[in-house]
Amino acid sequence: MNGDFLALLSRSPFPPESSRSPAPVEPLQATTVFAFHCADGVMIAGDHRATAGNIIFSDKTEKILELDSHSLMAIAGAPATAFEMARTLKTSFEYYRRSQLQPMSLSAKLRALSRLLHNNLPATLQGIGVVAPIFAGMDPSAPDGRPAIYFYDPLGAEFEAATYAGSGSGSGSIKSVLHYLEKWGKPPPAQMPLPEAVNFANRLLMTAAEFDTATGGVQPDRQQFATLKLLSRDGIRSIETGDQRQYWEEAPR
Amino acid sequence: MTEEPYRWLEAIGNRREYIREQLKGGTPVFALSRPEGVFLVGVGHGQSKVFEIYDRHAFAALGHPVDIEKVRQAAIEAAHMEGFNRSPGDVTLRRLVNFALSPTLKNSFEQIFSPPLMVESIFAEVGETRKEDLLVRVHFDGHHRYERAGVAVAHVKPETEAQARDWLERVLREDDPLPRVFAACLTAYDALVNDKPVSELEPVEPAADGIPDKTIEAALLDRRQGGNVRYRPLEPGTLRG
């Protein structure tokens with residue numbers, strides 16, 4: 001036994017895999033996600049919108065998925081493929097930890113996501129199942145381990161982001177602001193305390209929504225906030241709507 | 001030769017005797033349904049005897065370490081495939097034991113030309129309430145018995161195993177804290193491995209600071225714990241009251 005859940009899965013796929021053909025329907029897309037370092041760890045954020053062409057399919061989509069106690073995946077692209085990848089990774093990490101009696105290393109987790117993206121090549125080339133995720137993770141057993149941000153291209157290449165990463169149709173505006181503030185901000189996002197980082201993330205998504213119709217579902221005036229999770233040495237903390245509302249109301253106007 | 005019925009029966013009888021002989025040096029493991037969750041205790045010679053299987057499931061066993069590992073891997077594979085293909089809530093101990101593990105153990109036992117699986121085990125599932133807890137005592141030949149919200153002991157001698165289980169049920173009260181439950185398990189362990197009559201066991205004292213040359217393991221399938229994963233290894237030092 002080598003603890004490889006994908007190898008186990010390939011022995012007995014359920015349901016049986018069938019050959020894929022181009023879908024005649026407009027593919028669903030999930031946008032926009034991003035992550036940045038803040039004073040308390042890594043803040044990873046997503047809006048709630050999923051679109052199919054010019055149709056808003058949902059404004060309640062959860063795009064930040066917890067894979068284990070110290071791993072998060074933010075999805076942008078085809079939700080069907082992305083959710084399946086997240087489910088496969090989640091089971092793979094747990095299967096490895098239980099069967100091998102030790103947690104999977106961070107490098108192996110990053111490689112596992114690369115493999116899934118690479119295996120998705122046919123759908124990517126057809127343009128119906130493109131996924132460009134962001135991964136935030138850390139190795140809690142490493143004494144000097146700190147949360148890190150990684151981003152991928154749809155073919156599976158992995159890159160570590162020194163300060164921030166963004167993906168999805170609205171990420172262009174967000175990355176521009178993040179770049180500007182990292183360079184000239186006082187404080188830069190990496191030094192922002194939690195309440196400031198939370199408000200900043202919501203404002204970034206509202207900014208992106210101004211220029212991208214596929215970004216949405218974040219309207220603090222209507223009590224709609226982003227999906228926000230903080231990764232630190234202590235693990236993952238979901239920033240609940242109540243906390244986001246409180247930080248929003250306490251923020252200087 | 002073994003095609004003849006009576007030869008086959010003889011071969012199975014010999015095999016059963018052989019396995020029991022091989023298991024003689026094994027030390028008991030315990031699982032108890034408690035208000036906090038399902039508490040598991042094992043004492044070994046260095047190797048692990050208590051394991052996590054899935055979100056709400058655990059396994060404790062005695063026997064040949066390689067065979068324990070085979071059963072453990074089979075249980076983990078079956079649980080994860082089921083949880084992935086359907087949902088984590090569809091992974092139930094009853095289905096796991098009835099359809100995956102028990103038939104495998106029975107087949108292994110009856111394949112008289114291949115090495116047997118020498119494992120005596122307990123599988124546990126924690127529920128939202130104590131009434132929903134499920135313990136299963138699984139024998140090397142695939143026989144199994146369900147214990148709902150009770151106590152399960154796995155040992156090499158069926159008679160003393162039953163006596164130890166009855167004693168634990170009798171001496172432990174509903175509101176006993178885990179250190180007392182732990183101490184009771186170690187008292188029963190001492191009686192079982194040293195052939196002391198269980199009926200003459202002393203009242204439960206705080207657990208001693210370890211057993212020479214042995215490794216004590218304890219774990220809790222914690223029903224109070226948030227999230228999906230309920231298994232929590234416990235440091236024996238924290239259970240010494």
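Q: What share of the 253 residues of chain A counts as buried?
A: A residue is called buried when 20 or more other C-beta atoms, placed from the backbone, lie within 10 Å of its own. Keep in mind that this is a predicted model, where local features need pLDDT of at least 70, side-chain atom pairs count only at pLDDT 80 or more, and totals for chains, interfaces and linings use all residues. Residues are numbered from 1 along each chain as its sequence is written, with chains lettered from A and ligands numbered from 1 in the order in which they are written. For chain A, the buried share of the 253 residues is 48%.

Q: What radius of gyration does chain A have, and what would a compact globule have?
A: The radius is taken over C-alpha atoms, and the globule rule is 2.2 Å times the number of residues to the power 0.38. With 253 residues, that rule puts a compact globule near 18 Å, and chain A agrees, at 18 Å.

Q: How many helices and strands does chain A have?
A: Both are DSSP runs numbered from the N terminus: helices are H or I with at least four residues, strands are E with at least two. By that count, chain A comes to 7 helices and 13 strands.

Q: What is the strand order in the open sheet of 5 strands in chain A?
A: Strands count as paired if DSSP finds at least two bridges between them. E6 (residues 64–68) and E7 run antiparallel, joined by 4 bridges, and E7(A) pairs with E8 (residues 134–137) in the antiparallel sense over 4 bridges too. E9 (residues 148–152) and E10 of chain A are likewise antiparallel, over 4 bridges. Put together, the order is E6-E7-E8-E9-E10.

Q: Which strands stand at the edges of that sheet?
A: An edge strand here has a single partner strand, so one side of it is left without a neighbour in the sheet. In chain A, that describes E6 and E10 (158–161).

Q: At about what angle to E6(A) does helix H2 run?
A: Axes are lines fitted to C-alpha atoms, for helices over the stretch in contact, and angles run from 0 to 180 degrees between N-to-C directions. H2 (residues 79–100) of chain A lies across E6 and E7, running relative to E6(A) at about 20°.

Q: Which element gives the most residues to the side of chain A that touches chain B?
A: Contact means C-beta atoms, placed from the backbone, within 7 Å. On that basis, 9 residues of chain A are in contact with 10 residues of chain B. Two elements of chain A give two or more residues to this side, helix H1 (5–11) and H2. The top contributor, with 4 residues, is H2(A).

Definitions and conventions
Two residues are in contact if their C-beta atoms, placed from the backbone, lie within 7 Å. A residue is buried if 20 or more other C-beta atoms lie within 10 Å of its own, exposed if 12 or fewer, and partly exposed in between; C-beta atoms are placed from the backbone.
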